[in-house]
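Dear colleague,

I am passing on the structure below, together with my notes on what was found in it. Please read the notes with the model open beside you.

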Amino acid sequence: MAEWLYELGIGEVRAALVSRGTIWKARIELEGSGPRVDTVAMARLVDRSTGKVTLESGEDALCDPLPKGVTQGASFKVRIVRESIPEPGRPKLPKAVPAAPDAPIAPGPDLLTRIHAGDVPTRQLRAHESDLLEEAGWSEILDEAINGEIRFAGGALRLSPTPAMTLFDVDGPAPLEPLAVAAAHAVARAIERHGITGSIGIDFPTLANKQARQAIAEAIDAALPQPFERTTVNGFGFLQIVRRRRRPSLPELLRADLVGAETRAELRRLERLPPPPPPTHMVTQRIGRRLAQRPDWTAELARRTGGATTFTSAKD
């Protein structure tokens, strides 16, 4: 039976949809990551030419369209329709639309609320219990997201998020037609597993046979849940998918702050050690620096484990 496994971590919450011992969806929500989708808030128009607004909480967003007749500096209600997307250099600001005047001011639903809203049961995990997330392959999913290497029977995928689109490159031995169809199923599962949306490009092996290219498209249609739009497979083996973009994917989230991801994973491991907690623990220099910047994380670890741990750093 399928169920959501949910864990309230330090610095993040995490959840995985697990069925038959396999993770089908993996989701992470970082603390302080900005306004969530469906947040309704008051906003002040900062720049009419770009639609930039500042929410009462202090975060910036882009509103399109603007309310008719609104002037720069005026305040109005907005609803967040896409969260901030991390990118190298500067993240994309959240996107907003004008909200109805009578819409109540409220934050958007968090990860736990969203998974509770479905018809799949949720089990909340605790550190002293069996690590069901890890048993289902949690660390392997995080490694996929960070390194981009995804294996499937007969071949492999290379996952590469870019500012323009998320790219999948298919690699494997001949015969190419069954390889491409198997890759289509693997790509669809990876898209769902990692919450990938927006524009997605897939570079399949070049197939001269039009019927074979159609079989690839049909495999995508069968394996990837709607809604989405796609192109046909062109003569060079490229197919594009577009899914509605509301939140960052798991690869985007983790790659935007690799040190943060490593640090939170280390805190998760320490939280699950049998008591008593170690008085000292060695970490890499970059994890040590991040922990020094986040004393609230080490304080929360001490609260959960019943004792303080001093961190020492080794060279990276």
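Two residues are said to touch, or to be in contact, when they have heavy atoms within 4.5 Å of each other. This is a predicted model, in which local features need pLDDT of at least 70 and side-chain atom pairs count only at pLDDT 80 or more, while totals for chains, interfaces and linings use all residues. Residues are numbered from 1 along each chain as its sequence is written, and side-chain values use heavy atoms, with hydrogens and water left out.

Overall picture

The protein has 9 helices and 17 strands, where helices (H or I, at least four residues) and strands (E, at least two) are DSSP runs numbered from the N terminus. Its C-alpha trace spans about 65 × 60 × 40 Å along the principal axes. Of its 316 residues, 43% count as buried; buried means under 20% relative accessible area, exposed over 50%, and partly exposed in between (1.4 Å probe, protein chains only). Among the contacts with a separation of 6 or more, 64% are between residues 24 or more positions apart. The protein exposes about 16,300 Å², of which carbon and sulfur atoms supply 54%, the areas coming from the Shrake-Rupley method with a 1.4 Å probe.

Nonpolar cores

A nonpolar core is taken here as a set of buried Ala, Val, Leu, Ile, Met, Phe, Trp, Tyr and Cys residues joined through side-chain atoms within 4.5 Å. The largest such core has 30 residues, and those with the most contacts inside it are Leu157, Phe168, Ile191, Ile202, Phe204 and Ile241. At least two residues of this core are supplied by each of β10 (149–152), β11 (155–161), β12 (166–171), α4 (176–194), β13 (198–203), α5 (210–223) and β15 (238–243), and the largest share, 9 residues, comes from α4. Leu157 touches, when residues up to four places away in sequence are not counted, Gly148, Glu149, Ile150, Phe152, Phe168, Asp169, Val170, Ala183, Ala186 and Val187. Apart from this core lies another, of 17 residues, which includes Val18, Ala26, Leu125 and Ala145.

After α3 comes Gly148, with a positive phi near 80°.

Strands

Strands count as paired if DSSP finds at least two bridges between them.

Elsewhere in the chain, 6 of the 8 residues of strand β7 (residues 75–82) are buried, so β7 is largely enclosed by the rest of the structure. It pairs in the antiparallel sense with β4 (residues 40–47) over 5 bridges, where Lys77 in β7 is the bridge partner of Met42. Strand β8 (residues 95–98) also runs antiparallel to β7, joined to it by 4 bridges, and here Val78 stands opposite Pro98.

In helix α9 (residues 295–305), the buried residues are Trp297, Leu301 and Thr305. They cover an arc of only 55° around the axis, which means that they are on the same side of α9. They pack against α7 (258–271), α8 (285–293) and β17 (310–314), whereas the exposed residues Pro295 and Arg303 are carried by the face turned away from the buried side. Just after α9, Gly306 takes a positive phi of about 85°.

Ile287 has its place in helix α8 and is buried, with a relative accessible area of 6%. Leaving out residues up to four places away in sequence, Ile287 touches Val259, Glu262 and Thr263. The C-alpha atoms of Ile287 and Thr263 are separated by 5.5 Å, although these residues are 24 residues apart along the chain.

With best regards

Methods
The arc is that of the directions from the helix axis to the C-beta atoms.
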